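User: I am new to this structure and would like to learn how to read its features. Please take them one at a time, with the general idea before the case.

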Amino acid sequence: MQIHKYDTVIVGAGGAGMRAALESGKRCRTAVLTKLYPTRSHTGAAQGGMCAALANVEEDNWEWHTFDTIKGGDYLVDQDAAEVMCKEAIDAVLDLEKMGLPFNRTPEGRIDQRRFGGHTRDHGKAPVRRSCYAADRTGHMILQTLYQQCVKHEIEFYNEFYVLDLLISEGIAAGVVAYELATGEVHVFRAKSVVFATGGFGKVFKVTSNAHTLTGDGMGIIFRRGLPLEDMEFYQFHPTGIWKMGILLTEGARGEGGILRNRDGERFMERYAPTIKDLAPRDMVARAIYTEIRAGRGCGTDGDHVYLDLTHLPPEQLDAKLPDITEFARTYLGIEPYTDPIPIQPTAHYAMGGVPTNINAEVLRNNTDIVPGLYAAGEVACVSVHGANRLGTNSLLDINVFGRRAGIAAAQHAVEVPAHAELPDNPADFVEGLLTRLRDGAGSQNVAAIRRELQETMDVNASVYRTEATLKQAVGDIAGLKARYQHVGVIDRGRRYNTELLEAVELGFLLDLAECLVTSALARNESRGGHSREDYPNRDDVNFLRHTMAYRSGPLAAAAPDAEIRLDYKPVAMTRYQPMERKY
C-alpha cells in the first residue's frame, strides 16, 4: 500500500473535476484521480451547448434564465442556487472562450446561440436563443479545452486510478482509497480537502445515453459511508436517443428546426406544448412520445418509436451545425438524414439527484450541517439547480459554475486548515477486503447476468412512467439481485488491468443506487418532472414540495442485503418564484 499526501484531491476528470482542478491548482498542491484517461470522461458526450444569457442573437437576461430553470425543474429547484448559476453563466462561457474553446460564431464574430428545450424569453412567451455551442460537439470541446489548460498549469493527474472509498476521521474528510488499474495496487491519498466529480449512474438502465463507465461510483461511496443522497427518484430520459441503442441525438437538432413526427407524419408536440412545441422540457417530450406510442401512433412494424425529422433543413445547415448526429444516423442506422427521418425513443440520460451540497459545493451530512473538507460538483452532486427535471444545456453550465466554486472552496479550506486529519486505523482494509473477496473468492454468480437483469427491471418498472406496482416489483427484483451479488465470482484472477474485477465492483454501486432510486420513487406519491406516477398523475405541492433525503444504514459492504434505506425530507429553498401550473 502506497500513501500520498496532497492539500486537495479531486476525484474525477470530467468537466467539473478539471474546472475544479484549475482553481484549486492555483492555490494549493492538488491531485486529480480518474478511472479514465481525462479526455475519455463523459462530459465529451454532451453535444448541444452550454446556456448563458449573453443576448448575442436576441434579447435575453439571467433572470429569464433563472425562471426557466425553476419552472423547468417543476419548482423543486433550490432557487438561491439557480440564481447563482444563471448569474455566473455569462462569465463561465466567457472564461471558456478565453481558454480557447472554439464556439460557433455569428457573422459579426460573437459567440453564436441557438434554441433549446424549455429556454424562453419574457417568462415563457417564446423560445429564446440561449445555448452557446460548438457544432454538436460542445462537451467534447469543453473537455479538450479544460484538459489543455490543466496540462498548461501542470496539474498532477493519476490516470486510471479507481477511487473505491472515502476516508472520514472524526467527521472530517481525510482522504480517499484508490485502486491502480495498471498494477493492481491499493493507494491511500491523504488530503485536507476532497472533491467528488465522478458523474452519474445511467448504467442502472438498459437503454441509456451513458457510457459503460457511468456506474455511480462517487454517489455509491458516499452513500455507503452513511451520508445522504438527495432526490434520487428524479431521473431524466432524453427524448431523442437512437432507437434501441440509446445513443444521444442532441436536442440541438430540434433547436435547429428538427420536428418530432408520429406514424401519420403529424407534428404531435403541438398537442402537448402548443407554445414551444418540440422545444418543451425533456420530461414532457419523453412522456408525449410514449403517449403517442401507447395510442397506436408509434412508427415501424412494432410501433415502438417515433421519428426525428430533419429532412426539411438545408444539407449545408446540417453539415455545419449537426455533423456528429447526422453521421451517427448513417453509421448506426444506415439512414441518410438529408432525406429520411431518424427513428428515436427516450433514453436514460441524467440524474437530477445526487450528493447534497450547498452553493459552495460543500457536502451536507444532513439538511443543514456540512462535512468539513468534503465537496462535490457536477452530475454526482445535487445543489439543487435541476430540481425534478434538468433543462438541456444547464448540465455543461452546472459543471463549470459549481466545478469552479468547488475548486475555490476546497483550496481555501486546505490553506486554512493547519494539518491533515489523522487517518483511520488500517485505512485500506475495506477496499482490500472487497477486491480480495471478488477476485479470489469461490463465487459462481455472473456479473454480466446480474447487471443485465438489473437494467431490464429498471427499464420496465422505473422508467418514464411508474406505478406503485411497478416500483414494488423493482424493489423485489433488486433485493434478489443483491442477494445473488454476494456470491459473484470473476474468472480473471490477475492484477494488471483486471477490467472484469472492476465491473464486479461497479455492479455493487449500481445495485445500491438502483435500490435508492426505486425506494425514493415509491415514497413520492405524486408526478413531478422526471418522476411520473400514473397512479398519482398530479403534482402535490402540499405534501411533496420537498427534497427526498435517503440514508443507508447497516454494513459498509457493497450491495449488502441487510443494509436499510431511511428516507427523510428537506424543504426547497424559495426566493422570488412561487409554484404555478407548468405548461408551455
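User: Leaving aside neighbours within four places in sequence, which residues is Gln79 in contact with?

Analyst: Contact means heavy atoms within 4.5 Å. With neighbours within four places in sequence left out, Gln79 is in contact with Ile70, Ala573, Met574, Thr575, Arg576 and Tyr577. This is a predicted model, in which local features need pLDDT of at least 70 and side-chain atom pairs count only at pLDDT 80 or more, while totals for chains, interfaces and linings use all residues. Residues are numbered from 1 along each chain as its sequence is written, and side-chain values use heavy atoms, with hydrogens and water left out.

User: In which element is Gln79 found, and is Gln79 buried or exposed?

Analyst: Helices (H or I, at least four residues) and strands (E, at least two) are DSSP runs, numbered from the N terminus. Gln79 is found in helix H3 (residues 79-99). Buried means under 20% relative accessible area and exposed over 50%, with partly exposed in between (1.4 Å probe, protein chains only). Gln79 counts as buried because its relative accessibility is 0%.

User: What does Cys86 touch, not counting residues up to four places away in sequence?

Analyst: Cys86 also has its place in helix H3. Not counting residues up to four places away in sequence, Cys86 touches Trp62, His65, Thr66 and Thr69. Cys86 and Thr69 are 17 residues apart along the chain, and their C-alpha atoms are separated by 8.6 Å. The relative accessible area of Cys86 is 0%, so Cys86 is buried.

User: How do I read a sheet? In what order do E10, E21 and E22 come?

Analyst: Strands of a sheet pair through backbone hydrogen bonds, either parallel or antiparallel. Two strands pair if DSSP finds at least two bridges between them. Here 3 strands form an open sheet in the order E10-E21-E22, with antiparallel pairing. Strand E10 (229-230) and strand E22 (564-571) are the edge strands, each pairing on one side only. E10 is joined to strand E21 (residues 546-553) by 2 bridges, and the bridge partner of Glu230 in E21 is Met549.

User: Which helix packs on this sheet and makes about 65 degrees with E21?

Analyst: Axes are lines fitted to C-alpha atoms, for helices over the stretch in contact, and angles run from 0 to 180 degrees between N-to-C directions. Helix H5 (residues 217-224) packs on the sheet and touches E10, E21 and E22; its direction makes about 65 degrees with that of E21. Helix H15 (residues 499-523) packs on the sheet too, touching E10, E21 and E22, and its direction makes about 55 degrees with that of E22.

User: How many residues of strand E8 are buried, and how many bridges does E8 share with E7?

Analyst: Strand E8 (residues 172-180) is mostly covered, with 8 of its 9 residues buried. E8 and strand E7 (residues 161-169) pair in the antiparallel sense over 8 bridges, and Tyr162 has Tyr179 in E8 as its bridge partner. The hairpin of E7 and E8 has 2 residues between the strands, and Glu170 in this hairpin takes a positive phi near 50 degrees.

E8 also pairs with strand E9 (residues 186-196), in the antiparallel sense over 5 bridges. Val176 stands opposite Phe189 in E9. The hairpin of E8 and E9 has 5 residues between the strands, and Gly184 in the turn has a positive phi of about 80 degrees.

User: How much space lies in the largest pocket, and which residues lie nearest its centre?

Analyst: On a 1 Å grid over the protein atoms alone, a cavity is a set of points where a 1.4 Å probe fits but cannot get out, and a pocket is an open set with protein on both sides within 12 Å along at least five of seven lines; lining residues have an atom within 4 Å of a point. Grid points are joined across faces, edges and corners, and a volume is the space filled by probe spheres set on the points. The largest pocket holds about 330 Å³ of space. Its lining has 16 residues, of which Arg287, Ser527, Pro537, Asn538 and Arg539 lie nearest the centre.
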